[in-house]
Structure formats: C-alpha cells, structure tokens
Amino acid sequence: MLIYILTMKISILQLFVCLCGEVIWACTFHHDVTYGGVFANCSNNNLSSVPDDLPLNTTSLSLHSNHITVLHTQPNCSWNTLKYLDLSNNKLAKLEKRTFESISHLEELFLQNNNLLLNPDTYADDVFLPLQKLQKLHLHNNDRRFNGKYPETALGKLRSVVELKIDSSRITIFGSGFANMTSLKRLLLGFNGCKIEAVLNDTFRSFQHSSVEDLDLRSCPLATLDKMSFVYFKRLKNLNLSNSTFVSPVDAVKSMHGFNGSNMTSIILDEMYNFLNFRYGPVAPRILTHDVLDNIQGVCVRKFSMKKNKIVWIDSSILNSGSRFSQCIVHLDLSDNDFLGDRLLLFKLVFAPELVFLNFSNHLRRNEFFPTSLPEHNSLLSVPTFQLTLPGKLEYLYMHGSLSDVGYINGNIEFRNAFSLKSFIFEFNGMYAFRHNIYGLENLTEFDVSGNYFTNVNPGFLQSFPSLTTLKMSQMGFRKDFLLKEGRQMFLPLRALKNIVLSRNDLIVMDSQIFAGNQLTVIDLSFNRFESIPFDITTTPSLRHLDLSYNSLPVLSESQRRLLDALATTNNLTLNLNNNLLSCGCKNLDFVMWMFQTDVKVESRDTYTCVSDDGVITSPSFVYDHYDETWRRCSGPVWLSLSVSAFALIILFMILIYLINQKKTLVLNIIHRFFGLVNVTKAPKRSDFPNDAYIGYSDVDYQYVCHTVREHLEDRHGVKLFLKDRDTIPGGQIADDIISGIDSSWKTVLVLTQSFIEDQWCRFIVNRIVYSSTRMPVGSVLLVLFKDVRRGDISPALLNVVEERHIFSVGKYVDDQGRLWRDVSQRIMNGAEV
C-alpha cells in the first residue's frame with residue numbers, strides 16, 4: 001500500500017513539473033563518458049532559454065541548434081559540476097559580464113555559429129574571468145564581416161585555454177592581449193569562414209613567448225605570405241596552410257624560413273595554388289630552385305607535403321647530404337603536381353636516412369600512347385645491372401607517372417638497401433618491353449606496375465617477389481594469348497599473393513589454372529572481354545571478391561554458380577557483374593533468379609541491364625520482380641505445342657482404333673507382312689523353264705524376228721528362243737499359244753514397233769506379261785524400241801514392270817545390229833543357271 005502511494009505521488013510530481021517547467025523534459029540524459037557525470041542533451045528543441053532544473057551532477061550540457069538569445073544562468077548547485085557546454089547554432093549576440101559566474105568549472109565552451117561580433121561591445125572585459133579552468137574555446141563563424149577587432153582584454157583573461165578557434169579579418173593582427181594566453185597550444189584559424197588574406201611579418205608577433213604547437217590556416221584565402229611570417233612560433237610543431245588557393249609554391253616555401261633551427265612534426269602546404277585549376281600561367285612562381293629550397297634546409301620536420309600545387313620543377317637539392325631537412329624527413333609528399341623535375345632526386349634519396357614514405361606521383365605524363373615498335377632482344381649474357389640505393393627505412397615509394405618516359409631498359413634492375421620497402425607504385429612511367437629481372441625487393445608486399453607496356457615481358461621477372469601480397473597490372477598491353485601461355489609461369493612464384501588486378505588489358509582468355517599456386521582473396525578482371533569466368537574457381541578457395549565488371553559475360557553457367565555459392569558460405573564472397581552483356585532470355589531465367597537468391601553478394605545488381613530474347617533492353621531486377629509473368633510467356637509456346645501434339649496423338653489413336661475395329665483382318669495382314677509372317681513361295685529359277693526367252697512381235701515384223709533376231713540370239717549367242725510362228729501348231733488357239741510361250745520362258749523380249757503398238761494380240765501379250773511379272777524375279781522383261789515408236793506410246797502398265805536398264809533403243813546401235821543383240825543376249829542370260 002505504501003509503495004502504491006509513493007508511486008502516485010511521484011507521478012503527480014512529474015505531471016506538475018511537465019506543466020510548470022517546460023525545458024527539463026525536452027532533454028535526454030545519459031552517462032557522460034568523458035567527465036563521469038550526467039550528459040544532458042537539450043539540442044534541437046526550439047528552446048529560447050537555458051534550463052535551470054538540470055540534475056545536480058550534470059557535467060555536460062548540449063544546447064546547440066536552439067533559439068537562445070541571452071545566456072543567463074541562475075546561481076544554483078546544478079551548475080557547479082558543469083565542464084562541457086555547447087551553445088553553437090543559437091542566436092547569441094552579446095555576452096554579459098556575469099554570464100559565466102555560475103559555471104566557473106567549465107573546461108570546454110562552444111559558441112560558434114552565433115551572432116557574436118568581434119568587438120569589445122559584444123565581449124565584456126571580464127566576461128571570461130570566471131573561466132580560469134577553460135581549456136577549449138570555439139568562437140568561429142560568428143562575425144561574417146571582413147573587418148573586425150579582437151576583444152583582446154576579454155580574451156587575455158583566458159590563461160588556461162589550450163585550444164582557440166576564432167574568426168579573423170582580411171588583415172589580421174593579433175594584439176598584445178593574446179600574449180597573456182600563455183597556455184595556448186592550438187590556434188585554429190582555418191575553416192570555411194576564414195577571411196585572412198595576408199600573413200605579414202608582424203601578424204603573430206604577440207605569440208613570440210607562447211606555447212603554440214599547432215597553427216591551422218586551412219581554407220584561408222591567403223594571397224600574401226611574408227618570409228618571416230612564422231618566425232615568432234618558437235615551439236610550433238604542426239603547420240597547415242592547405243587550400244589557401246592564391247599562394248604560389250615559391251612564396252609558401254620561402255615563408256618556412258622562420259622555422260630554421262626548429263624541430264617540427266608536420267608542414268602541410270597542399271593545394272595552395274589551385275585558383276581556377278590554373279595550369280598554363282606564370283612558370284616562375286612554380287619553380288622550386290636551389291635558392292628557394294634553401295629556406296627549408298635548416299628545418300627539421302618529420303612530415304612535409306606540397307600536393308596539388310602545380311609545381312613544374314623541384315630541384316634535387318631538396319635532399320642534400322647533411323641538411324637538417326634531409327636528416328629528419330620521414331614523410332615526403334610531392335604528388336599531383338605538374339612535375340617535370342630533377343630526376344637526380346631519385347639518386348639522392350639515400351641522403352634521407354629516416355625517410356619512410358615518399359610520394360611524387362601523378363605528374364605530367366608523356367606515355368599515354370604505347371610505342372608502335374619494340375627493340376630487338378639482346379643476349380642475356382651481356383645484360384648490365386642498373387642499381388638504385390634507397391633509404392634503409394623507406395616503406396612506401398609512390399612513383400605514379402613520375403618519370404614519364406623510362407622507355408626500354410636493356411638490363412636488370414637492382415634496388416639496394418630496400419630491406420623495409422613494402423609498397424612500390426610504379427604506374428604509367430613509360431617503361432616497355434622489359435625482358436629482364438628486378439632484384440632487391442624480396443620484402444615487398446604491394447607492387448603496382450600498371451600502365452607500362454609489357455607486351456613482351458619476361459614471365460619470370462616476378463620470381464624475386466616472394467612476399468608480394470598485392471599485384472596490380474592494369475593497362476599492360478599484354479598479347480592476347482600471353483596469359484594463356486605464360487600466365488601460370490609468371491604468377492606461380494607468388495605464393496603469398498592475396499590481391500591481383502588485371503583490369504583494362506583487353507583480355508579474352510587465360511590459363512584456367514593461372515591462379516592455382518596463389519592464395520587469392522581479391523581478383524579484379526574488370527574492363528576486359530571475357531565471356532565467362534576465365535579461371536577454374538576450384539583453384540581459388542580463399543576468394544572473397546571477384547570483379548568481372550565491364551566484360552562480355554552473357555550468363556554464368558550452372559557449374560560456376562554452384563562453385564560461387566560454395567565460396568559464399570565460407571568466404572562471404574562479393575561478385576561484381578556490372579556493365580556486362582547479360583542475357584535474361586527464357587533459357588537464362590535460372591541465372592536471373594540466382595542473382596537475387598544466392599548467398600553471393602552481387603554488387604549493384606539492381607542497376608544491371610540485360611537483353612531479352614526479342615532484343616529488348618531490360619533489367620534483371622524487373623525480370624525477377626515479374627518472374628511469374630515472364631515464366632508464363634516463356635513456357636506458353638512450349639506447353640501449347642505439347643498440348644497440340646498430345647491432342648493430335650489422341651485423335652490419331654482414336655482413328656487407329658476405329659480402323660482396326662473396321663478392318664481388323666486387313667490390319668493383321670499388314671502386320672504379318674511387315675514382320676514377314678507369311679508363307680512365301682519359292683522364287684523361280686532358270687532350270688524351271690524350257691526356253692531362255694519368249695520373243696513378242698507383231699505379224700508385220702515376222703521376217704525380221706524369225707531371221708535376223710533368231711540368227712543373232714540363237715545361232716551366235718546360244719539363246720534358246722520361243723517363236724510363235726515356229727514353235728506353235730498352225731491353226732491352234734492364239735491366246736493359249738501366247739500364254740504357253742510366256743509361261744515356259746525364263747525372260748520375255750518385246751520387239752516394239754509401231755505395228756506392235758497397234759496389234760490387238762500384241763496388247764494381249766503385254767497384259768499377260770504384266771500379269772506374269774508378279775511371280776517372276778525383277779528384270780524378266782526386256783524391251784527393244786525401234787525408231788517409229790515414241791516413248792509416250794508405251795503402255796504405262798508395261799513400264800511399271802520394266803527396269804530402265806532393260807530398255808534398248810535401236811537408234812543407239814546405228815549400223816551395229818550385232819552389238820545390239822549381243823547386249824540383249826547378255827541381259828537374257830544374266831542370272832541363268834548353267
């Protein structure tokens with residue numbers, strides 16, 4: 001009962017506070033990791049005043065992005081523990097004298113993006129006096145004017161501030177009040193609202209006794225840098241002048257003169273001369289001669305960077321033997337300039353014993369086009385060795401497009417003292433037809449030789465890189481069949497290789513076992529002409545990323561998809577098929593479904609395009625989203641043809657059943673005959689007949705047949721004939737004599753003349769022959785055609801039982817009757833039994 005009453009009281013109290021105290025319930029609270037108390041987050045709540053009902057142990061308060069115009073804090077115990085206060089992005093226009101009395105323990109104060117102008121009226125003289133523990137103060141982006149005056153009296157009270165970020169004017173002079181900020185270490189003047197256009201010799205005079213270590217002037221529109229601009233920063237460690245736009249490289253280096261004798265950590269002078277992307281202008285401000293570089297020779301700095309400054313020449317004296325700059329430099333970045341520079345610099349790297357990182361990449365290149373002719377191959381017996389000595393601590397050497405036109409090197413290359421070198425970038429340096437070896441890089445782990453024309457490269461030149469884990473060989477100008485014939489030999493020594501890039505080589509084919517000796521996790525084959533995965537996936541069990549974008553792949557085979565799925569389960573495989581000629585026709589619907597259902601991460605698959613069977617450009621995602629509709633469209637013609645075929649078979653089957661039912665005996669007869677289940681009479685033989693041939697002729701032709709024909713066939717060739725005028729009894733039945741003569745003869749010879757065609761009995765002879773032919777073997781009837789007989793006059797029934805080779809035309813035997821009847825006799829006796 002007591003617990004219930006207490007709960008009701010707490011609820012009523014919370015309701016009362018919600019109604020009477022608007023702000024506390026607009027805040028959220030969580031543990032303050034930095035200062036150990038409560039972090040009150042009251043940002044973005046349209047508050048117009050500072051809450052006064054905070055928890056007693058509040059250490060951090062965020063009020064940014066509200067509508068607070070006056071910073072008024074009531075003296076109460078809830079402010080005593082506050083160490084962090086963020087009032088940025090409000091509408092503060094003035095700071096009263098007693099503004100910070102209640103929060104004297106504050107260590108971080110953020111007042112940027114308000115309306116606090118740089119003048120004594122905005123900042124009371126003693127406004128910051130209570131903040132003797134304040135270490136970080138941000139006041140930038142308050143005064144948008146180009147000219148203002150620092151409230152030095154107020155700022156001079158901040159003796160504990162370590163970091164100050166504040167607005168500036170076009171010509172900024174820091175007065176004597178800043179000399180009192182004895183704890184200041186980080187002076188941040190560089191941001192998008194910086195307005196400093198000139199740094200003069202006396203700009204920072206007040207800091208000559210300060211402890212400033214970091215000076216940030218990034219993004220300031222600097223146009224002038226005096227030579228002694230930074231001489232008063234005796235303890236400065238880090239200087240950043242990047243993105244100042246108008247300062248020439250020569251002026252930037254000259255302004256370093258004030259640091260001679262100093263020990264610094266970093267000097268960043270990136271993109272200081274990038275106005276309107278200006279390249280073809282005055283050359284003198286972009287030439288770093290020996291005299292200009294003398295200004296930094298006495299500076300001991302670990303990191304020096306002058307990227308993107310359109311420098312056209314850097315004298316090799318930047319690295320001189322014994323100079324403090326050379327002895328101290330660890331990180332040197334001169335990349336992305338128009339550098340044509342002094343190549344002697346490469347041979348002076350040995351003067352920088354502490355150098356770990358060197359980048360002078362991305363300069364003007366003259367090797368955009370490969371040579372059209374290659375030098376002749378010289379004997380390996382006379383090959384010289386070119387040596388280059390590097391600093392012993394150098395780990396990163398980036399020379400992308402630096403030498404421009406190395407050309408043909410007829411010899412081996414040896415890097416000396418390169419024990420620590422891990423990454424060597426040698427892209428686009430105009431090196432071509434390298435047929436020899438490189439030594440001294442046994443510890444190298446990353447090698448990029450892209451953009452060099454290695455069409456006839458020695459496939460064994462990588463054998464000296466046993467530790468290589470990343471190899472990039474894009475745009476190498478390989479022969480079309482180079483990786484098919486030599487690829488496996490070239491990559492086999494790289495047992496530790498993990499990443500390989502072979503993009504933009506116009507490759508069509510490679511050895512399927514090319515990666516069998518490596519442990520690759522990343523393979524980039526983009527921008528080639530492969531029509532399928534060109535290597536055996538089973539040889540890359542550690543593969544995690546495969547890039548086949550911008551190739552000519554229409555589809556992945558089922559076996560390849562199965563192997564990729566297996567890798568996805570163990571390696572979390574990623575696949576890129578973007579910008580390929582993918583096919584999403586009916587035969588490849590399973591491939592489209594696979595792309596969206598596989599465990600393989602198919603990169604950007606929603607942006608892919610593909611071609612349907614009718615040539616329409618669509619996308620795999622559309623096909624996948626409309627799969628049922630697409631499947632029906634693809635399978636409809638097939639099922640329609642199957643349905644029509646099945647219906648036709650059913651009709652045919654019903655017709656067969658009807659025919660069988662109506663013609664049962666006929667059907668059985670056909671079946672028996674088809675399988676030979678019939679009693680066949682024995683074929684006749686010559687010995688079964690008394691005569692060799694029956695001669696059929698008309699009475700008009702009696703003299704010719706009984707004399708000429710008989711003489712040739714019987715007397716000369718021994719053929720026994722049946723002649724009706726000789727071998728029948730006169731006055732007998734003519735029909736019976738014809739039948740008897742034909743049936744008693746092995747073959748029948750018809751002498752066809754015009755009178756034979758017109759003779760009635762001759763027609764009877766023809767009919768009898770046609771009838772008898774059904775029991776006689778093929779070739780039992782011979783025809784002898786005379787000239788007065790047209791072939792159209794012959795009975796079609798007769799031609800059906802006569803073979804063409806047994807028809808003899810007398811016209812072909814002009815003046816040679818003997819040869820005619822000799823050929824006839826041979827056909828009569830052909831097949832006769834002796």
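Predicted model: local features only at pLDDT ≥ 70, side-chain atom pairs only at ≥ 80, totals over all residues.

Biologist: Thanks. How many bridges join S36 to S37?

Modeller: There are 5 bridges between strand S36 (residues 745–752) and strand S37 (residues 781–785), and the two run parallel. Two strands count as paired if DSSP finds at least two bridges between them. The labels are DSSP runs numbered from the N terminus: helices are H or I with at least four residues, strands are E with at least two.

Biologist: And what is the strand order of the sheet?

Modeller: It is an open sheet of 5 strands in the order S35-S34-S36-S37-S38, with parallel pairing. Strand S35 (721–722) and strand S38 (807–809) are the edge strands, each pairing on one side only.

Biologist: Which helix lies across S34, S36 and S37?

Modeller: That's helix H17 (residues 760–772), which runs at about 145° to S36 and also lies across strand S34 (691–696) and S37. For the angle, axes are lines fitted to C-alpha atoms, for helices over the stretch in contact, and angles run from 0 to 180 degrees between N-to-C directions. Contact here means heavy atoms within 4.5 Å.

Biologist: Switching to cysteines. How many disulfides does the structure hold?

Modeller: It holds 5 disulfides, a disulfide being a pair of cysteine sulfur atoms within 2.5 Å. Counting bonded cysteines along the chain, the pattern is 1-2, 3-4, 5-6, 7-9, 8-10.

Biologist: Take Cys-27 and Cys-42. How far apart are their sulfur atoms?

Modeller: Their sulfur atoms are 1.8 Å apart. The pair links distant parts of the chain, 15 residues apart: Cys-27 is in the loop between helix H1 (2–20) and strand S1 (28–31), and Cys-42 is in the loop between strand S2 (38–41) and strand S3 (58–62). The link is right-handed, with 110° about the S-S bond. Cys-27 and Cys-42 are buried, where buried means under 20% relative accessible area, exposed over 50%, and partly exposed in between (1.4 Å probe, protein chains only).

Biologist: How do those strands around it pair, parallel or antiparallel? Start with S1 and S2.

Modeller: S1 and S2 run antiparallel, joined by 4 bridges, and His-31 has Val-38 as its bridge partner in S2. Their hairpin has 6 residues between the strands, and Gly-36 there takes a positive phi near 85°. S2 and S3, by contrast, run parallel with 4 bridges; Phe-39 is partnered by Ser-60 in S3.

Biologist: What about the link of Cys-300 and Cys-328, is it left-handed or right-handed?

Modeller: Left-handed, with -100° about the S-S bond. The S to S distance is 1.9 Å.

Biologist: Last topic, H11. Where does it bend?

Modeller: H11 bends by about 40° at Ser-635, and a proline, Pro-637, follows within four residues. The bend is the angle between axes fitted to the seven residues ending at a residue and the seven starting there.

Biologist: What end-to-end span should H11 have?

Modeller: The 36 residues of helix H11 (residues 627–662) should span 52 Å, and the end C-alpha atoms are 52 Å apart, which agrees. The expected span is 1.5 Å times one less than the number of residues.

Biologist: Nice. Which residues in H11 are buried, and what covers them?

Modeller: Thr-630, Cys-634 and Ser-635 are buried in H11. The cover over the buried residues of H11 includes helix H9 (589–597) and helix H10 (620–625).

Note on methods:
Residues numbered from 1 in each chain as written. Heavy atoms only, no water.
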